[in-house]
Amino acid sequence: LISLISFKGSSIEDLKKHYAQELKKINKYDNEPIAGLIALEKVVDGISSDVRSSVVIDLGIIRGLDYYTGTVMEVRFADTKTFADLSIGGGGRYENLASAFINQKLPG
């Protein structure tokens with residue numbers, strides 16, 4: 001599992017290759033699209049091309065496991081020499097989180 005989520009990179013294609021290699025090691029790869037990869041690909045495709053080169057796909061980010069229901073993100077300074085790993089923002093999708101507080105389902 002650790003090697004499966006250890007990917008860091010900027011390319012969905014590289015991520016798909018990584019997943020295929022790691023899943024083959026545990027005999028769980030059958031060339032079927034993985035829902036999480038499809039969702040992440042949509043997120044990355046939605047990022048404007050002028051900032052896409054600075055995007056890092058990091059499967060090791062863990063936040064809000066009790067309420068996020070999809071892709072999560074974290075924003076950091078580009079100058080990591082000065083600010084190390086300082087996060088300046090983050091978030092993700094949380095489908096129907098508001099329904100815990102009101103009697104209505106709302107997309108997150």
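**A chat about loops, bridges and a core**

Biologist: Hi! Where is G60 found?

Modeller: Hello! G60 sits in the loop between β2 and β3. Keep in mind that this is a predicted model.

Biologist: Okay. Is G60 buried or exposed, or something in between?

Modeller: G60 counts as partly exposed, because its relative accessibility is 42%. Buried would need a value under 20%, and exposed a value over 50%.

Biologist: Let me zoom out. How many helices and strands are there in the protein?

Modeller: You can find 4 helices and 4 strands. If you follow the sequence, they come in the pattern β-α-α-α-β-β-α-β.

Biologist: And what share of the residues is buried?

Modeller: 17% of the 108 residues count as buried.

Biologist: New topic: how many salt bridges does the structure hold?

Modeller: It holds 4 salt bridges. One of them joins the side chains of D58 and K8, with 3.6 Å from N to O. D58 belongs to strand β2 and K8 to strand β1 (residues 8-9), so this pair ties together parts that are 50 residues apart in sequence.

Biologist: How open are those two partners, D58 and K8?

Modeller: K8 counts as exposed, because its relative accessibility is 58%. D58 has a relative accessible area of 22%, so D58 is partly exposed.

Biologist: Which residue does E41 meet in a salt bridge?

Modeller: E41 meets K16, and the N to O distance between their side chains is 3.1 Å. This pair links distant parts of the chain: E41 is in helix α2 (residues 35-45) and K16 is in helix α1 (residues 12-25), 25 residues apart. E41 is partly exposed at 22% relative accessibility, and K16 is partly exposed with a relative accessible area of 33%.

Biologist: Which partner does R76 have?

Modeller: R76 forms a salt bridge with E74, and their closest N and O atoms are 2.6 Å apart. R76 is partly exposed, with a relative accessible area of 37%. E74 is partly exposed too, with a value of 24%.

Biologist: Let's go inside. Which residues make up the largest nonpolar core?

Modeller: That core has 10 residues in all: L4, F7, I12, L15, Y19, L23, L37, L40, V44 and I57. The elements giving two or more residues to this core are α1 and α2. Helix α1 gives the most, with 4 residues.

Biologist: I like Y19. Which residues does Y19 touch?

Modeller: Leaving aside residues up to four places away in sequence, Y19 touches L4, I34, L37 and L59. L4 and L37 are also listed in the core, as is Y19.

Biologist: How many aromatic pairs does the count give?

Modeller: The count comes to 1 aromatic pair. The ring centres of Y68 and Y94 lie 5.9 Å apart and the planes are at 50 degrees, so the pair is tilted. The pair links distant parts of the chain, with Y68 in the loop between β2 (57-58) and β3 (72-76) and Y94 in the segment after β4, 26 residues apart.

Biologist: Is Y68 buried or exposed? And how does Y94 count?

Modeller: Y68 is buried, because its relative accessible area is 18%. Y94 counts as partly exposed, at 34% relative accessibility.

Biologist: Does Y94 turn up elsewhere, I wonder. Which residues make the nonpolar surface patch?

Modeller: Y94 is part of that patch, together with Y67, L97, F101, I102 and L106. The patch covers about 550 Å².

Biologist: Last one: where is I102 found?

Modeller: I102 is found in the segment after β4 (87-92). At 38% relative accessibility, I102 counts as partly exposed.

Biologist: Thanks, that helps!

Note on methods:
Residues are numbered from 1 along each chain as its sequence is written. This is a predicted model: local features need pLDDT of at least 70, side-chain atom pairs count only at pLDDT 80 or more; totals for chains, interfaces and linings use all residues. Side-chain values use heavy atoms; hydrogens and water are left out. Patches are made of residues with over 30% relative accessible area and no salt bridge: like charges are joined within 9 Å, nonpolar side chains (Val, Leu, Ile, Met, Phe, Trp, Tyr) within 5 Å. Accessible areas come from the Shrake-Rupley method with a 1.4 Å probe; for residues, only the protein chains shown count as cover. Buried means under 20% relative accessible area, exposed over 50%, partly exposed in between (1.4 Å probe, protein chains only). Rings of Phe, Tyr and Trp (its six-membered ring) pair if their centres lie within 6.5 Å; planes under 30 degrees apart count as stacked, over 60 as edge-to-face and the rest as tilted. A nonpolar core is a set of buried Ala, Val, Leu, Ile, Met, Phe, Trp, Tyr and Cys residues joined through side-chain atoms within 4.5 Å. Contact means heavy atoms within 4.5 Å.
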